Structures are given as C-alpha cells and as structure tokens.
Amino acid sequence: MSEIPRVDTRSAVKLQPRGRFFRDDVTAAVPLHAPGVVDLHSLTGADGRPIDLDGMWQQAAPLLVTRDNDAHTLQALGIATALCAQLPEADPAIVLPAILLHDIGWSQVPPDEVLDAIAPGGGRPDLVRRHEIEGARIAHGILNHVGHDPVAIERITEIIDGHDSRRLALSSEDEIVKDADKTWRVTPHGLDVVMEWFGLDRAHALNLCASRVVDHLFTDPARAMARAFIATTSVMLWPQWAALER
C-alpha cells in the first residue's frame, strides 16, 4: 500500500529573525505570558485539574502519521483552545482530549484509500465511518491508560464516534471539536496540505476549503476565526500583494 507523502510546511515557519534593525535589545520588555498564547502543559479542565494532553499525545502521535494528521491535530488543538476560551460553557477536559484523539482511527484505514474518503465530488462514507468507530475504540484505551476521568472518557469517545458523519452536535463540546476540525482547513497550514493532496493552486484550494467550512460551523467564534483566515489568504492572492517589494 502506498503512503501519502508528508507535506512538510513546518520548515516554512519563521522562528528566528535574520537580524535586528532597532539599536536596542527589547527582549526584557516582552511579557512571560500573553493572552491567547497556549502552553500544552498548563491546560486544565473546567474543574481546574490539569489535563494530561502530553501523555495522550505520546500514545496518539504514532497513529497520526497518515495524511499529515499529526500536524493537523496539533493545529486543531490550538484552535480548540481558543474556542474554549470564548465558549466557557464547554469543558476543556472533554474538548481537548477529543480533538487530540479524533483522527487516530485513520490508522486503521489502508493509507492508499484515505484520500478517497474525503475527495471533493466523491468520498467514501464507509471509510469515514470506520475511522470514527476505530478512533473511539482506540481513544478509550489511551484515555484509560493516562487515568482520565471515566465519565469524561465516555463523553469524549461519543464525540469521536461521529465527529465527521454526524451532522448535528451532541453538546457544546462536540460543537467545538467539529468547528476546530473544519476551521483548520482554511489555516495557512491546512491550505498547504490540501494543495498537495489534490494538486490545486492556492486560489483553488482556498475556494474549495472556504466552501466546505464557513457555512458548516456551529459557533460564532469559529465563523469569525475562519473568515479571518480566509480574508488574510485572499489578500495574499491579490496582484497588489504580489507587486509589493520583498
């Protein structure tokens, strides 16, 4: 079976400056904590107890290599944390493990059939359903292993078992999981990946993903977030942007 090649977009992320134009070092003025900046190890549930997301990730990561699901999962986790901050009625102890583990079931689908399941104009609902069922099963074992709350485990696996095929949301937590999963498609990383999956240029990938995201989201914060991603990418496709000196 052929494996879907990894789309390595992480190397394009600028982490260090090429230099410094300002005469002075300003790092001492940078706060240690800023609104919206996420630390995986400090995320907690509604009851204030820490969530062992790192422990879950260690077990989930080997199951997420197909279809760039590992990178997709981490980005969707970041989106979900932002949505949880805007929707306090949802419990992060349900939402965050669910989004972290939602796609592990693709590991049980033949790699050369994975894109058949989600291709525009086609699709394999049977494979989508298989990854949900298998994902819920595997997630149950991972969550038990890290000692997650048993009541939360049942709610998490119920969300995973239907996160793509179920049109209606079971709860506010389910809404956030569905919205974070879909909103990723219109992020810069999501568009990079979709371009390579289907051989589309960025304009076509943006139109495809935008048409499958904005009108299918449940929450107002996710709709605002998705429209912001779409708008900024649109600007980068304008000739005015291309004409700027670099």
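Guide: A salt bridge is a side-chain nitrogen of Lys or Arg within 4 Å of a carboxyl oxygen of Asp or Glu. Keep that cut-off in mind. The model is predicted.

Visitor: Is Asp 174 buried or exposed?

Guide: Buried means under 20% relative accessible area. Asp 174 has 0% relative accessibility. Asp 174 therefore counts as buried.

Visitor: How many salt bridges does the structure hold?

Guide: The pair of Arg 166 and Asp 174 is a salt bridge. Another joins Arg 137 and Glu 134, with the closest N and O atoms 2.6 Å apart. Both of those residues lie in helix α4, about one turn of the helix apart. For the structure, the number of salt bridges is eleven.

Visitor: Which residues are linked with Glu 113 in a network of salt bridges?

Guide: Start with one pair. The side chains of Glu 113 and Arg 124 meet at 3.9 Å, N to O. Both lie in the loop between α3 and α4, eleven residues apart. The network links Glu 113 with Arg 124 and Asp 126.

Visitor: What angle do helix α3 and helix α6 pack at?

Guide: Two packed helices are described by the angle between their axes and the distance between the axes. For α3 (residues 92-101) and α6 (residues 172-183), the axes are 9 Å apart. The crossing is right-handed. The packing angle is about 35°.

Visitor: Which residues in α6 do Ile 94, Val 95, Ala 98 and Ile 99 meet?

Guide: Those four residues lie in α3. They are among the buried residues of that helix. What covers the buried residues of α3 includes α1, α2, α4, α5 and α6.

Visitor: Is Arg 167 buried or exposed?

Guide: Arg 167 lies in the loop between α5 and α6. Exposed means over 50% relative accessible area. Arg 167 has 64%, so the residue counts as exposed.

Visitor: What area does the nonpolar surface patch with Trp 241 have?

Guide: Trp 241 lies in helix α10. Trp 241 is partly exposed, at 33% relative accessible area. Met 236, Trp 238 and Leu 244 make the patch with Trp 241. The patch has an area of about 420 Å².

Notes
Residues are numbered from 1 along each chain as its sequence is written. This is a predicted model: local features need pLDDT of at least 70, side-chain atom pairs count only at pLDDT 80 or more; totals for chains, interfaces and linings use all residues. Side-chain values use heavy atoms; hydrogens and water are left out. Patches are made of residues with over 30% relative accessible area and no salt bridge: like charges are joined within 9 Å, nonpolar side chains (Val, Leu, Ile, Met, Phe, Trp, Tyr) within 5 Å. Accessible areas come from the Shrake-Rupley method with a 1.4 Å probe; for residues, only the protein chains shown count as cover. Helices (H or I, at least four residues) and strands (E, at least two) are DSSP runs, numbered from the N terminus. Buried means under 20% relative accessible area, exposed over 50%, partly exposed in between (1.4 Å probe, protein chains only). Axes are lines fitted to C-alpha atoms, for helices over the stretch in contact, and angles run from 0 to 180 degrees between N-to-C directions. A crossing is left-handed if the near helix is turned anticlockwise from the far one by less than a right angle, and right-handed if clockwise. Contact means heavy atoms within 4.5 Å.
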